[in-house]
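Please read each point alongside the coordinates.

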Amino acid sequence: MCGIVGYVGNKMASQVLVNALKKLEYRGYDSAGIAVLDGENILVRKCKGMLKFLEEKIADETIKGSMGIGHTRWATHGEPSDTNAHPHTSEDGSISIVHNGIIENYAELKDRLQSQGIVFKSQTDTEVIVHLIDQNYKKEKDIFKAVIKTLHTLEGSYALGVLCKDYPDRIIAARKESPLVVGLGKGENFIASDVPALLEYTRDVYYLDEKEIAVLYSDHVNLFNFEGEKIVKKPSHVEWDMEAAEKGGYEHFMIKEIHEQPKALRDTMRPRIVKDGNGKPTDVYFEENKIDDAWKKAKRVVITACGTAYHAGVVAKYAFEKIARLKVDVDVASEFRYRDPILEKDDIFIVISQSGETADTLSALRLAKNHGLKVIAITNCVGSTVSREADDVIYTLAGPEIAVASTKAYTTQVLCLFLLAIKAGKLKGTLSDEEATKLLAELETIPEKIQEILDNKEVIQKFASRQYNKDKIFYIGRQFDSATSLESALKLKEVSYMHSEAFAAGELKHGPIALIDPQTLVVAIASKPDLYDKIGSNMVEVKSRGASVLVITQDDSGAFDGKADEIVKIPACSETLASLLTVIPAQLFAYYCSILRGNNPDKPRNLAKSVTVE
């Protein structure tokens with residue numbers, strides 16, 4: 001989720017670009033850069049780190065030119081560095097591009113280009129685009145045709161800004177599955193990944209739709225489809241203020257990030273699913289993974305993490321045991337590091353950390369490495385300490401998560417763990433090809449099913465308006481649903497400050513039921529049909545003692561009619577993968593309770609996004 005900008009007009013482009021990037025820095029802060037066409041050459045300035053480092057780098061320099069592109073990066077391919085920072089240029093420096101998205105077939109394209117003698121400077125997927133455009137330009141002798149021909153070669157998601165020194169009057173922009181907005185000024189025009197970058201200059205915009213191209217001149221903008229055919233659309237007028245614009249019109253980053261989960265899951269999933277010639281998913285591929293042989297010998301998986309990431313690990317315990325038939329131990333990292341754990345040389349050790357800098361998780365990783373174990377890291381941050389020290393790393397590709405309470409990072413972690421369990425099952429021979437294909441095909445449907453839940457979020461909002469003043473909230477579930485209950489209870493206490501706990505449903509009668517009274521809400525999570533009778537009995541028990549009951553379920557049979565005050569339906573899903581769906585209503589409930597209680601869900605008291613100290 002990088003930020004791109006572009007400008008063509010009569011002002012000093014460098015100043016406009018840096019100023020616009022400041023409004024998009026929430027989209028990425030690994031590196032930043034600009035490319036400005038000075039009339040003869042494209043001048044590129046870029047550096048690792050936050051945007052302020054780029055500002056300092058060019059502070060004493062006069063960069064002439066009134067047309068340029070800029071980028072603030074959230075790394076997905078290649079660690080944060082000066083070299084991997086955008087913009088990227090052709091070998092002769094005549095073409096420069098910025099890119100937001102993921103090119104899924106970049107490895108294949110890179111191999112082809114290298115076999116033709118192209119020398120790559122960076123580790124990014126983006127660099128293949130500029131070399132392809134350059135190749136096509138030399139053949140077509142027309143930059144617009146070269147860009148279109150390149151777009152038909154690319155697989156994945158992208159928003160692009162393209163400069164060519166032979167065309168000093170225009171910028172070409174294109175989008176597929178990544179946002180891009182065209183700003184319409186007087187004697188100047190703009191592109192940006194998001195509206196905030198434009199509000200200082202204009203409020204009239206084109207929102208580019210799927211597979212649309214914009215060619216920007218200082219006095220007009222032409223729009224085309226991917227076939228090069230001209231299209232016409234009406235501009236929109238933006239009424240948002242700056243703060244609302246940064247949140248995409250949402251009230252808070254938390255609800256925005258909840259809504260970003262379908263895209264985050266697609267982005268995380270698509271490069272990792274191998275398909276046959278008919279488009280049928282057949283296997284899992286992790287570019288970063290180098291320890292397939294270790295899976296074949298492994299008898300146990302050890303997972304360690306903290307907080308939300310730990311709860312993803314608990315879901316994974318059920319997944320690995322069911323799919324790969326591997327024994328799994330899940331540990332809180334802060335406990336693991338202070339005991340003398342029993343570790344075997346063939347164990348697979350997995351650490352999970354959104355930031356990749358969690359202190360306790362890092363210590364656990366180092367302890368495992370000292371015991372000679374192979375370590376896989378699952379993280380959202382390229383170049384983080386966890387990613388550098390692990391033997392292998394799997395990136396969640398969720399993009400920056402601004403709200404302190406994790407939502408999209410959690411679901412992408414769970415997704416990566418499901419994919420890893422499927423991979424392990426195939427390698428160990430415990431999962432047939434047919435079973436793997438069935439699971440992968442269903443995983444591909446999860447984003448649209450989450451979108452269906454989000455489209456009906458008003459049910460949760462109304463229920464929260466009746467329950468936000470409860471004294472106690474207990475989450476109950478069995479097996480996978482018990483794991484989801486842990487994360488659901490944590491999310492509620494983090495942002496609403498309501499007392500919430502999670503129990504395996506069968507444990508209610510072993511103590512917790514003593515706490516049930518009319519000021520209690522019990523949230524039952526029920527995705528496993530053969531356990532509906534069991535969880536239904538638990539619901540009757542607590543309801544008879546005065547508690548209110550919400551059930552999150554995929555049941556269509558009426559199994560919970562009369563047993564719950566509210567039934568929230570999720571789309572039909574196998575019980576193995578349902579954890580990716582059942583958590584969504586719980587996230588929404590936590591968010592709505594928070595704002596109903598007058599809290600700021602983005603910045604809950606006493607909490608930090610990343611715990612880098614003990």
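The expected span of a helix is 1.5 Å times one less than its number of residues. The model discussed here is predicted.

1. Helix α12 covers residues 359–370, 12 residues in total. At 1.5 Å a residue, α12 should therefore span 16 Å, and the 17 Å between its end C-alpha atoms agrees with that expectation. Just after α12, Gly372 adopts a positive phi of about 85°.

2. Is α12 mostly covered or mostly uncovered? It is mostly covered, with 9 of its 12 residues buried. The buried set consists of Ala359, Asp360, Thr361, Leu362, Ser363, Ala364, Leu365, Leu367 and Ala368. The partners against which these buried residues pack include the strands β18 (300–305), β20 (348–353) and β21 (374–379). The helices α11 (333–336) and α13 (385–389) are also packed against by the buried residues of α12.

3. Helices α17 (residues 458–467) and α20 (residues 579–596) pack at an angle of about 50°, and their axes lie 9 Å apart. That angle makes α17 oblique to α20. The crossing of the two helices, α17 and α20, is right-handed. On the α17 side, the contact is formed by Ile460, Gln461, Phe463, Ala464, Ser465 and Gln467; in α20 they meet Pro585, Leu588, Phe589, Tyr592, Cys593 and Leu596. By class, the contact of α17 with α20 comprises 9 nonpolar and 3 polar residues, with no charged residue.

4. How are α10 and α18 oriented relative to each other? Helix α10 (residues 307–324) packs with helix α18 (residues 480–496) at an angle of about 175°, with 9 Å between their axes. Because angles over 145 degrees count as roughly antiparallel, α10 is roughly antiparallel to α18. Gly307, Thr308, His311, Val314, Val315, Tyr318, Ala319 and Lys322 of α10 meet Phe480, Ala483, Leu486, Glu487, Leu490 and Lys491 of α18. The contact of α10 with α18 contains 8 nonpolar, 3 polar and 3 charged residues.

5. Pro262 belongs to helix α8 (residues 261–269). Its relative accessible area is 2%, so Pro262 is buried, the cut-off being under 20%. Leaving aside residues up to four places away in sequence, Pro262 touches Pro447, Ile450, Gln451 and Leu454. Lys139 is 123 residues from Pro262 along the chain, and the C-alpha atoms of Pro262 and Lys139 are separated by 39 Å.

Definitions and conventions: Residues numbered from 1 in each chain as written. Predicted model: local features only at pLDDT ≥ 70, side-chain atom pairs only at ≥ 80, totals over all residues. Heavy atoms only, no water. Helix = DSSP H or I, 4+ residues; strand = E, 2+ residues; numbered from the N terminus. Buried < 20%, exposed > 50% of the residue type's maximum accessible area, 1.4 Å probe, protein only. Contact = heavy atoms within 4.5 Å. Axes fitted to C-alpha atoms, helices over the stretch in contact; angles between N-to-C directions. Parallel < 35°, antiparallel > 145°, perpendicular 65-115°, else oblique. Left-handed = near helix turned anticlockwise from the far one by under 90°. Nonpolar A, V, L, I, M, F, W, Y, C, P; charged D, E, K, R; others polar.
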